[in-house]
Amino acid sequence: MSAPPPGPGSRSGDRRPRPAARPLDTVDEAIVRLLRHDGRASVRAVAERVHISRANAYARINRLVEDGVIRGFTARVDHERAGRGASAYVTLKIVQDSWRAVKEELEGLPGAAHIALVSGDFDVLLLVHTADNRELRDLVLTRIQAIPGVLSTHTLLVFEETDLLPGPP
């Protein structure tokens, strides 16, 4: 991707203030949709696809990154082909007011792919990818349940998954 590197507010741990959120116009939405579909698209390709100049495309992508709308550029991975064929959602009940500390521990776990603080019967939803069920068992029973603030876990094995991406731009 020849777009600019992520700027302020692009990392989850970055605490610098970001500009106030503002609605995206149709061109910004088209740029975001295109980059979600192909994060390696060049600025020139983006400009051509959304019918704006390269300078305008570059400025808009920069602004979207600086505003934190675009948080980074990434690759979609086939976890099974990458040796991480066992996937699971792990739900956690945690001690009240322990979210930040628990989140920090979860972020350092091998195979952790997504962490969400949620409402309902449990507090945290964690997606993990491991090599096999033995590694998954070790991750849950040895690593996650040992985190201070974790009261209980429930593991849901993933049999098949599909990433939902926007259609072609």
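Predicted model: local features only at pLDDT ≥ 70, side-chain atom pairs only at ≥ 80, totals over all residues.
Residues are numbered from 1 along each chain as its sequence is written, and side-chain values use heavy atoms, with hydrogens and water left out.

Arginine 60 lies in helix H3, which spans residues 54-66; helices (H or I, at least four residues) and strands (E, at least two) are DSSP runs numbered from the N terminus. Arginine 60 counts as buried because its relative accessibility is 14%, where buried means under 20% relative accessible area, exposed over 50% and partly exposed in between (1.4 Å probe, protein chains only).

The protein chain contains five helices and four strands, arranged along the sequence as α-α-α-β-α-β-β-α-β. Of its 169 residues, 34% count as buried. Among contacts with a separation of 6 or more, 68% join residues 24 or more positions apart. The chain exposes about 11200 Å², of which carbon and sulfur atoms supply 49%; accessible areas come from the Shrake-Rupley method with a 1.4 Å probe, and for residues only the protein chains shown count as cover.

Positive phi values occur in two non-glycine loop residues. Histidine 51, in the loop between helix H2 (43-50) and H3, has a phi of about 60° and is exposed because its relative accessibility is 71%. Aspartate 97, in the loop between strand E1 (86-94) and helix H4 (99-107), has a phi near 70° and is exposed, with a relative accessible area of 79%.

Key
Contact = heavy atoms within 4.5 Å.
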